[in-house]
Amino acid sequence: GTEEVGPSGLAEEKALDPTTDLARPDQSEHDVFDALFRGLLQSSTDCVTLVDPEGDLLFMSAGGQALMEIDDIQPLLGRSWLAFWHGADHEAAQAALANARAGRSASFRGFCPTPSGQPKWWAVNLSPLAGGRHGPERILAVSRDITDARSTAEEVARLRALLLPFLNVPLEARRRFAPSTHRFLFVFFTL
């Protein structure tokens, strides 16, 4: 923000108004918000896409292209965003798109590998963008890569399943068998 002298005579912090404080005299309000939007997109670590109500891809952020390992987005523009999803995840994407088309935000989680085959899991949020009388003209889809978190959760589940039989052994036998292992298992299963 900017500092301004208030009624008390002390400098007070004033909130930034992007329509006045960030604008140069030769910039319109639209230019300021356009620059703000581009800055937000460039700083996002998510895959930000824009689709039309039918689900055709109109835009993908540079960060999204990097996450999806796409060198050239041009051949994919105008093609179905739904084609990225398969099986039950395709159905979840269709349902979320239908909700967004009806003017409601929607979300789902699903598996969508990169075009090069790299496995990726995503948490996807779809939001309708204001349009005409007949619904949104565009739909914003923000996809967060949750592959690492999912892999960690799967590994914890695998280890718990592996160690569960050990917990069925009577407590005294576990203590005699491996006192340090017993302490580890107690901590692990109370997480």
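Guide: A residue is called buried when its relative accessible area is under 20%, exposed when over 50%, and partly exposed in between (1.4 Å probe, protein chains only). The model here is predicted: local features need pLDDT of at least 70 and side-chain atom pairs 80 or more, while totals for chains, interfaces and linings use all residues. Residues are numbered from 1 along each chain as its sequence is written, and side-chain values use heavy atoms, without hydrogens and water.

Visitor: How many salt bridges does the structure hold?

Guide: Side chains of opposite charge can pair when their charged atoms come close. The rule asks for a side-chain nitrogen of Lys or Arg within 4 Å of a carboxyl oxygen of Asp or Glu. The structure holds 2 such salt bridges. In one, Asp 46 pairs with Arg 144, with the closest N and O atoms 2.8 Å apart. Asp 46 sits in the loop between α1 and β3 and Arg 144 in strand β7, 98 residues apart. Helices (H or I, at least four residues) and strands (E, at least two) are DSSP runs, numbered from the N terminus. Asp 46 is buried at 9% relative accessible area, whereas Arg 144 is partly exposed at 46%.

Visitor: Where do Asp 145 and Lys 120 lie?

Guide: Asp 145 and Lys 120 form a salt bridge, their closest N and O atoms being 3.2 Å apart. Asp 145 belongs to strand β7 and Lys 120 to the loop between β5 and β6, so the pair ties together parts 25 residues apart in sequence. Asp 145 is partly exposed at 28%, and Lys 120 is buried at 11%.

Visitor: How many aromatic pairs does a search of the whole structure find?

Guide: A pair of aromatic rings is described by the distance of the centres and the angle of the planes. Rings of Phe, Tyr and Trp (its six-membered ring) pair if their centres lie within 6.5 Å; planes under 30 degrees apart are stacked, over 60 edge-to-face, and the rest tilted. The search finds 4 pairs. Among them, Trp 85 and Phe 108 are edge-to-face, at 5.1 Å centre to centre and 75 degrees between the planes. Trp 85 is in the loop between α2 (62–67) and α3 (87–101), and Phe 108 is in strand β5 (residues 106–111), 23 residues apart. Trp 85 is buried at 4% relative accessibility, as is Phe 108 at 9%. Phe 111 and Trp 121 form a tilted pair, at 5.3 Å and 55 degrees. Ring pairs also link Trp 81, Trp 85 and Phe 108 into a cluster.

Visitor: Which residues make up the covered face of β5?

Guide: In a regular strand the side chains alternate between the two faces of the sheet. The covered face of β5 has Ala 106, Phe 108 and Gly 110, and the uncovered one has Ser 107, Arg 109 and Phe 111.

Visitor: Which residues line the largest pocket?

Guide: Rolling a probe the size of a water molecule over the atoms shows where empty space is left. On a 1 Å grid over the protein atoms alone, a cavity is a set of points where a 1.4 Å probe fits but cannot get out; a pocket is an open set with protein on both sides within 12 Å along at least five of seven lines, and lining residues have an atom within 4 Å of a point. The lining of the largest pocket includes Phe 37, Leu 40, Val 48, Phe 59 and Leu 140. The elements giving two or more residues to this lining are α1 (29–43), β3 (47–51) and β7 (138–145).
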